[in-house]
Amino acid sequence: MNENVIGSVSPHIRGRRDTKAIMLDVIIALMPALVAAVILFGFRALLLTVISAGVCVICEYAWEKALKKEITIGDLSAVVTGIILAFNVPATMPIWKLIFGDIAAIILVKMLFGGIGCNFVNPALTGRVILFFSFTADMTNYAFPKNTVDALSSATPLAVQSELSWANFLDLFLGRHGGVIGEVCTLAILVGFVYLVARKVIKPIIPLTFIGSEILFAWLFGAEAPVLSAFAGGLMFGAVFMATDYVTSPITNKGKLIYGIGCGLLTAAIRCFSNSNGGVSFAILLMNIVVPYLNDLTRSKPFGGVKVK
Amino acid sequence: MIGSRLKGVKVPHMKNTAGSVPRVIDTPKTVTIPMSMHIGAPATPVVKVGETVKVGQLIAEAGGFVSSPIYASVSGKVKKLDDILVSSGRFVKAIVIEADGAQEPWEGIAPPEVTDFQSFIDAVKKSGVVGLGGAGFPTAVKLSVKDLNQVEAFIINGAECEPYVTSDTRTMLDDTDLLWDGVQLLKKYMNAKRIIFGIENNKPECVKKIEPFAQKEAIVEVQKLPPMYPQGGEKVLIYNTIGKTVPEGKLPLDVGAIVLNCTTLAAIARYIKTGMPLVSKCVTVDGSAVAEPQNVIAPIGTPMADLFNFCGGFKSEPKKLLYGGPMMGIAVPNVNVPILKNTNAILALDAKDAVTPAPTACIRCGTCVDVCPLGLMPAEIEVAFRQKDAASLDKLKVNLCMECGSCAFACPARRPLVQTNKLAKSMLSAYKAVQKAEAERKAAKNKEEEAVK
């Protein structure tokens, strides 16, 4: 008799990709934007990013340690939250204020709701909104890229849409304009997007419908430069890295489609009818809240299944 | 030909033994033959302790319509009739035969007389053949079709999508003639209008062996399917070959299909050609703990231990023993369990392969929804199960789950999704039973009230 064998239910093998590998891919996809930020805004961008990621990890660890829960920092999700939050602040942001945002994101939004997988809104995004309302002046004091003489002159190109023209499209695309750390360089964000799609970490549905519908609705709402405005502000970054957060986006393709369109509609509405900055953030947050309903409404159709009344 | 195909997962093939021509094992000292190696009623023993039996001699007759007879796999003496613990966790009657090593065939072995549909079905019944792909459903029952015109296509399953397992591959390579005979039998006695061989295209040698059938016989076609798990699942294979959806609660026959595993077809043809019923099985012996993985032909009832020993024993301590492949195989408690009719592989995994990673929190990535071949939502089923919400489980159709394990395989949080599905299925059937009883009670009450009126 051999009593030393393990008894378990099939399957007895597992795929290679785990949560950590996915988070690592997201971190890799964020790197081009970080490199661009360092080139555009200097080393302070890197410093803020590293501090933010570190604080998020420490917060998660301290919380779990204090409550004697399983330590989950190894899954790298806190690192992702930290980087994304840092990317949402200007390079001039005072460090302690960013740390405040990190604590809010991890403790308030993530851990209080049960940690990874349980938060109903995106932690980094909520952290940004909290910072936005707490320190509006700092959050909108957009830094200007260094070494660029011909950078767009306004605070952010989105603020003065009349400045948006195809003549300075290259500046917009490369990020030679004021803005927050991670969202200025469209090129770097698109590189990250292609990586995430190629690695099958995300499906392109949400970013494409988000950006596409934003342009469409902005045009319908009479925006001056609907296409160009898609390259300004936080739309690209939000659509690629924040709206695609697994936990706070639908799990079905149909749900993703509706969610992306909803994000685009709300962003366009906020941008066109309100003076508020951060339209992308509010749009995504609002759509986050309806995700459970979208999942329920768009359930997949079981193969050959007979409907239950 | 068919545009859309059902989804699944890419599993490591691990077909290490594809080139291993099966060798016949040295006759085991004893064989333990359970009376329940098929779906349906257990077979009834017809031999007594002390009786001498020969290879191919009937030792247990079918215990009902959905059942199958069992034949002695070795020559020797019946040692005991015993209750043994089988992988389902139940005790089942088993016949233990002490082999004399002579492997003398029974005198009564003679090819059956097959002249028409009925005699063909009778022969299949007598052959003791059950679904050898793993399900173990009595083949004669599957083929007992009331109206042969109903069958639009016979689909011969050569997908063999489970990692490691190569016994079907060997059937296609080594028993090509028997498969050809099988095609002729289906054509002659089942009026087959269309016979499709579904073979994953990672087995080009098999395709090459079977493709000439299509040239010789117009009703035969070979469909090369992309390697995907679970390509060989019955509903999946039907959809991916003829594009038909088997509705909930219906059989493949309801959409005009009969699926037979290629080894099952070869076994039928062998019986009709030689008269020797199903007494031995080609088994893939593999896994990280096995010294020399290979294919072995062993008498049914041979202890697993004999097969491992025949393959050079263990090179490291086995930490998990499996009947079948790693995706749907069943873990067994020790090496003394016997080879069954529907065993196509036995695996011994070392410590590294035996331990599955611990689950972490669901990150709602939706991978399980993406990979489920049947379009179920394992992540949502898990939530409903945790909340003991049977009504939601009903809506989520967990009862359709074929337990292929694709969701649990792909889940990045390593959640035991298919395992939860299994538990959820029993929760749902209990809920449905209560619902039914309630409805019946109400109906009875209404009737009573009406009668009073």
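This is a predicted model: local features need pLDDT of at least 70, side-chain atom pairs count only at pLDDT 80 or more; totals for chains, interfaces and linings use all residues.
How many aromatic pairs are there over all chains? The count comes to 18.

**Stop 1: an aromatic pair in chain A.** Please select Phe100(A) and Phe135(A). Their ring centres lie 5.7 Å apart and their planes meet at 80°; because planes over 60 degrees apart count as edge-to-face, this pair is edge-to-face. Phe100(A) belongs to helix H4 (residues 95-110) of chain A, while Phe135(A) sits in the loop between helix H5 (123-134) and helix H6 (136-140) of that chain. The pair thus links distant parts of the chain, 35 residues apart. Phe100(A) is partly exposed, with a relative accessible area of 38%, whereas Phe135(A), at 15%, counts as buried.

**Stop 2: an aromatic pair in chain B.** Next, select Phe120(B) and Tyr189(B), which form a stacked pair with 5.7 Å from centre to centre and 20° between the planes. Phe120(B) lies in helix H1 (residues 117-127) of chain B and Tyr189(B) in helix H4 (residues 176-189) of chain B, so the pair ties together parts that are 69 residues apart in sequence. Are these two residues buried or exposed? Both Phe120(B) and Tyr189(B) are buried.

**Stop 3: a cluster and a charge over a ring.** Return to chain A and select Phe87(A), Phe237(A) and Phe241(A), which ring pairs link into a cluster. Then, in chain B, display Trp180(B) with Lys216(B): the charged end of Lys216(B) sits over the ring of Trp180(B), 4.4 Å from its centre.

**Stop 4: helix H1 of chain A.** Select residues 19-41 of chain A, the 23 residues of helix H1. At 1.5 Å a residue this helix should span 33 Å, and the C-alpha atoms at its ends are 32 Å apart, which agrees. Centre the view on Met31(A), where H1(A) bends by about 30°; a proline, Pro32(A), follows within four residues. Just after the helix, Gly42(A) adopts a positive phi of about 90°.

**Stop 5: the second largest pocket.** Finally, select Gly15(A), Arg16(A), Arg17(A), Phe409(B) and Ala410(B), the lining residues that lie nearest the centre of the second largest pocket. This pocket has a volume of about 1,600 Å³ and is lined by 43 residues. Which helices each supply at least two residues of its lining? They are H1 of chain A, together with helix H9 (351-354), helix H10 (367-371) and helix H13 (406-410) of chain B.

Key:
Residues are numbered from 1 along each chain as its sequence is written. Chains are lettered from A and ligands numbered from 1 in the order in which they are written. Side-chain values use heavy atoms; hydrogens and water are left out. The expected span of a helix is 1.5 Å times one less than its number of residues. The bend at a residue is the angle between axes fitted to the seven residues ending there and the seven starting there. Rings of Phe, Tyr and Trp (its six-membered ring) pair if their centres lie within 6.5 Å; planes under 30 degrees apart count as stacked, over 60 as edge-to-face and the rest as tilted. Buried means under 20% relative accessible area, exposed over 50%, partly exposed in between (1.4 Å probe, protein chains only). A charge sits over a ring if NZ of Lys or CZ of Arg is within 6 Å of the ring centre and within 35 degrees of the ring normal. On a 1 Å grid over the protein atoms alone, a cavity is a set of points where a 1.4 Å probe fits but cannot get out, and a pocket is an open set with protein on both sides within 12 Å along at least five of seven lines; lining residues have an atom within 4 Å of a point. Grid points are joined across faces, edges and corners, and a volume is the space filled by probe spheres set on the points.
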